[in-house]
Each structure stands twice: as structure tokens, then as C-alpha cells.
Amino acid sequence: MKTLSNRKLTIRVAEHGAELSSIVANATGKEYLWQADPAFWKRHSPVLFPIVGSVWNAEYRHEGVTYSLSQHGFARDMDFSLMKETDDELRFALESTPETLKVYPFPFLLEIGYRLEENRITISWRVRNRGSETMYFQIGAHPAFYYPNYEADSPERGYFAFDVRKGLVYRALKEKGCVGEEVRPVPLDADGLLPLDVHTFDIDTFIIENGQVRRVDLLDAEKRPYLSLSFTAPLVGLWSPPAKNAPFVCIEPWYGRCDRAGYTGEFKDRDWVWHIEPDELFDASYVIEVASA
């Protein structure tokens, strides 16, 4: 576990999965990142690569060959190498292996970076195509945050605020972790906020596509800022385990999402798949800001 600290925050990152594992406000000692109690969910903030979500029946096809990949891919379960460590930055790398090539036939180099500045954490991704053919992939984040003032016996959890206050829609999951064609309105209140309570995630995941939002704020029950995520990703997933009364919620910027139910086409033709040519780079980032630190 590697640590970065300044006068505002202390963060910890594990080399396994290059996973952000703790965000603590130094003034109060308050932990903001979910601490992976397996009774609810055993992860903190996994990086999703080379897919986001599920492929139909855990299978996909590339140039007529069928491969198997479990939900969210394999990077989150692999050990990364530490590339860089300074007072305010950590950077990790993962290279393709003979084992990854059996399930994902693209040589790659994945770099994940963390930079700490005041009360802001910038998480960066760099994907390099190390092969000789076009590489297809998805990448995404899955950070989980404690609710501001969680009380198991109270139904209220707070609110989500967005940089757009009306007209938001989300795509609903249909079966086997894959989406259908149905698009529904995000149930915003009169103030343009999404109220969070014990039943908000009975629908499982809000998948908001097409760059509708670029910022999500988590507010407490009095609508005071708690933390925010800013991103350029074209999709964001909002999730907490359904029917578990979990103490946390996830805000997930994505470059990609799960298959449509029943999809059996080529990997490159899936919805929201990115591609880079040999030795080409893909760079992206997002920012976590702790409002009360």
C-alpha cells in the first residue's frame, strides 16, 4: 500500500489493481472511501478494463474467435508495478501477459496515476496499444463513497446534484447484467436533484449515456456539498447494492458499458467501444473533490 498526504487529505493506493483504497480528511480523521466490507461489496474503487460491465453470457467475439471475460474485466484483480512515487503523485503500470492474451487478444500497457492537490485527487488512465493491429477496449472507474450521515434505521441518504438539472435519462438493465432498449427519465425532484434513499437503487444501476453530465455531487440530507466527481467520460454509472441498505454509493465515470441483452456480434461493433492503432495512446482522467476537507 502506497500513501500520499498533504494538509487536507491522506490517500492510500494498493498495488493490487492499482486500487484507491482510502481517502481520509486529516482535520477530522473521517474516511470517505468505502472500506470493502464483503457483507455488502468487497472492493473500494476498482479500475474496469478491458471491459466495463458484462458481455452477453460472459462471451465476446473477435475476428470470429470466441473469448470469455467476467464482468468488468481482469485489471482490477492483477498486481500492478509502481512506476513513479513522489510527494504528490503515484503511478502504476500493468502489461499484458500470456494469461491475459488468452482472454483478451491485444498486447497493451495500462498506466494508472493518482495526483493529490489540496482536497482534490486526479485519477488518470493511459492505455497504449503494444500490438501490431487495432486494439479495442473499454475503461472505467468504480469508486464507492460512504453516505454523508448514514443511519441504517433512517431511509434518507442524501442527494445527487448534476451539472444539468432537468431532462436526464438513463438506460435500464434488462437481464444478465446487460441493458435493454428502454430509456427512462432520472427521477429528479423540483430542485433538479436525485433524492437518495433506501429504495433509490431498487432499479440497480442508473446508466447515464451520451455525455449528459460531466459532474456529479453527493450532498448530505440538508443538501450541503459532501464530495464531487468531475469527468469528461461520456457515461456515468450510479449504483449501490439493491435491497442491502448499504452504507455507500458509487459514482462511476465510464468509457464504455455492458452489452445489449442478446448481443452476439463482434467485439469492435459493441456499443461504446474505443480503439487505438499500434503504439497509439488513449488518455483520460477524472477528479474527486472532498468538499468538507
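## Rings, charges and a nonpolar core

Arg 7 is exposed, with a relative accessible area of 62%. Here buried means under 20% relative accessible area, exposed means over 50%, and partly exposed lies in between (1.4 Å probe, protein chains only). The model is predicted: local features need pLDDT of at least 70, side-chain atom pairs count only at pLDDT 80 or more, and totals for chains, interfaces and linings use all residues. Residues are numbered from 1 along each chain as its sequence is written, and side-chain values use heavy atoms, with hydrogens and water left out.

**Salt bridges**

Side chains of opposite charge can pair when their charged atoms come close. A salt bridge is a side-chain nitrogen of Lys or Arg within 4 Å of a carboxyl oxygen of Asp or Glu. The count comes to 24 salt bridges. The table shows some of them.

| Glu 85 | Lys 2 | 3.6 Å |

What does the pair of Glu 118 and Arg 7 tie together? Glu 118 lies in the loop between β9 (108-117) and β10, and Arg 7 in the loop between β1 and β2 (9-14), so the pair ties together parts that are 111 residues apart in sequence. Strands (E, at least two residues) and helices (H or I, at least four) are DSSP runs, numbered from the N terminus. Glu 118 is partly exposed, at 37%.

Glu 85 forms its salt bridge with Lys 2. This pair links strand β7 (residues 81-85) to strand β1 (residues 2-5), and its members are 83 residues apart. Glu 85 is partly exposed at 43%. Lys 2 is partly exposed too, at 22%.

Arg 115 is in strand β9 and Glu 89 in strand β8 (residues 89-95), 26 residues apart. Elsewhere, salt bridges that share partners join Arg 171, Glu 181, Glu 209, Arg 257, Arg 260 and Asp 271 into one network.

**Aromatic rings**

A pair of aromatic rings is described by the distance of the centres and the angle of the planes. Rings of Phe, Tyr and Trp (its six-membered ring) pair if their centres lie within 6.5 Å; planes under 30 degrees apart count as stacked, over 60 as edge-to-face and the rest as tilted. The whole structure holds 27 aromatic pairs. Trp 125 and Tyr 255 have ring centres 6.4 Å apart and planes at 80 degrees, so they are edge-to-face. Trp 125 is in strand β10 (residues 120-129) and Tyr 255 in strand β22 (residues 248-255), 130 residues apart. Trp 125 is buried at 2%. Tyr 255 is buried at 7%. Both belong to one aromatic cluster, which also includes Phe 49, Phe 74 and Tyr 104.

**The nonpolar core**

A nonpolar core is a set of buried Ala, Val, Leu, Ile, Met, Phe, Trp, Tyr and Cys residues joined through side-chain atoms within 4.5 Å. The largest one has 74 residues. Which residues touch the most other members? They are Ile 23, Leu 110, Trp 125, Ile 139, Phe 160 and Leu 238. Leaving aside neighbours within four places in sequence, Ile 23 is in contact (heavy atoms within 4.5 Å) with residues including Leu 9, Ile 121, Phe 145 and Val 290.
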